[in-house]
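This report covers an annotated site and the contact between domains in one model.

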Amino acid sequence: MTTPHPRAFVVGHPIAHSRSPLIHGHWLAEHGLPGSYERVDVHPDAFQDFIRSLGAEGWVGGNVTIPHKEAAFRLVEVLTPRAERIGAVNTLWFEDGRLYGDNTDAPGFLAHLDASLGAGWPEATGLTEGRATLVLGAGGAARAILVGLLERGLSRLIVANRSAERAESLTALDPARITAVSWDSVPAQLPATGLLINTTALGMAGQDPLTLDLAPLPAAAAVADIVYVPLETPLLAAARARGLAGVDGLGMLLHQAVPGFARWFGRTPEVTPSLRARIVADLGGHG
């Protein structure tokens, strides 16, 4: 089956909330490229059949979101080393007739840090002089972000999670550089922390806030929150009230989309203020 233009997708269950079609649609229009990017709602029971039919249905690839990332990891033919390490896939494409899978959350998060804090943020925040990166949460996003931080060469990473066992499991990524600590010990970690990252749902609209006194953080520290609804979480508001650099969650969503678009449509797009403004406007009162 052939199509007159490249067709890509985002697959999840549910999927109506996804902003990915807005992002990719913006880039297609900006570059004047033929192509489409569509939401596809697939129940987990039907996901394997969906993946196996991609080529026959004329898709060039797509994005995978909750709850299919781990299933996609098991079903693709070729995994990138990064996807192997993370254990989840969010970007699919065909190459030489085979289905490839990558996880672009890791480079997406790092690209947003670079854009928000400047490329020299590891030095500016003291991470190159012994301060730690403290990651709150131990789910799939935390795992991807830890892999990105390891790829960037950071040497002191600490994970805290309410379930100590889940935090401990992440140390296997690099036992020499990752340490797990209890959730209760987070305040005691702050004086030696250069970068604090929230990967939990705390602070998200409809969830409890992340209540944490940021006073012990060094003046040069930065605070990142992957939540983007609302855009200004209580944690980021507290960081900015203290004069600390804050990094919101929207940029990770925007930057992780870049590699897939380049694969499917043959042009590497940029995350611009106009794209960000369009997504913020779509978030409406939650932005």
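Is Gly 140 buried, partly exposed or exposed? With a relative accessible area of 48%, Gly 140 is partly exposed (buried is under 20%, exposed over 50%, partly exposed in between; 1.4 Å probe, protein chains only).

## Basis

The model is predicted: local features need pLDDT of at least 70, side-chain atom pairs count only at pLDDT 80 or more, and totals for chains, interfaces and linings use all residues. Residues are numbered from 1 along each chain as its sequence is written, and side-chain values use heavy atoms, with hydrogens and water left out.

## Annotated site

An unreviewed UniProt entry records a "binding site" that includes Ala 138 and Gly 140; such annotations may be inferred rather than shown by experiment. Gly 140 is found in helix H7, while Ala 138 is in the loop between strand E7 (132-136) and helix H7 (140-151) (DSSP runs, helices of at least four residues and strands of at least two, numbered from the N terminus).

Ala 138 is buried, at 8% relative accessible area. Beyond its neighbours within four places in sequence, Ala 138 is in contact (heavy atoms within 4.5 Å) with residues including Val 159, Asn 161 and Thr 199.

## Domain contact

The domain assignment, automatic or from a database, gives domain 1 (7-102 + 251-285) and domain 2 (107-247). Twelve residues from domain 1 and 18 residues from domain 2 make the contact.

Between domain 1 and domain 2 there is one salt bridge (a side-chain nitrogen of Lys or Arg within 4 Å of a carboxyl oxygen of Asp or Glu). Arg 82 forms a salt bridge with Glu 151, with the closest N and O atoms 3.3 Å apart.
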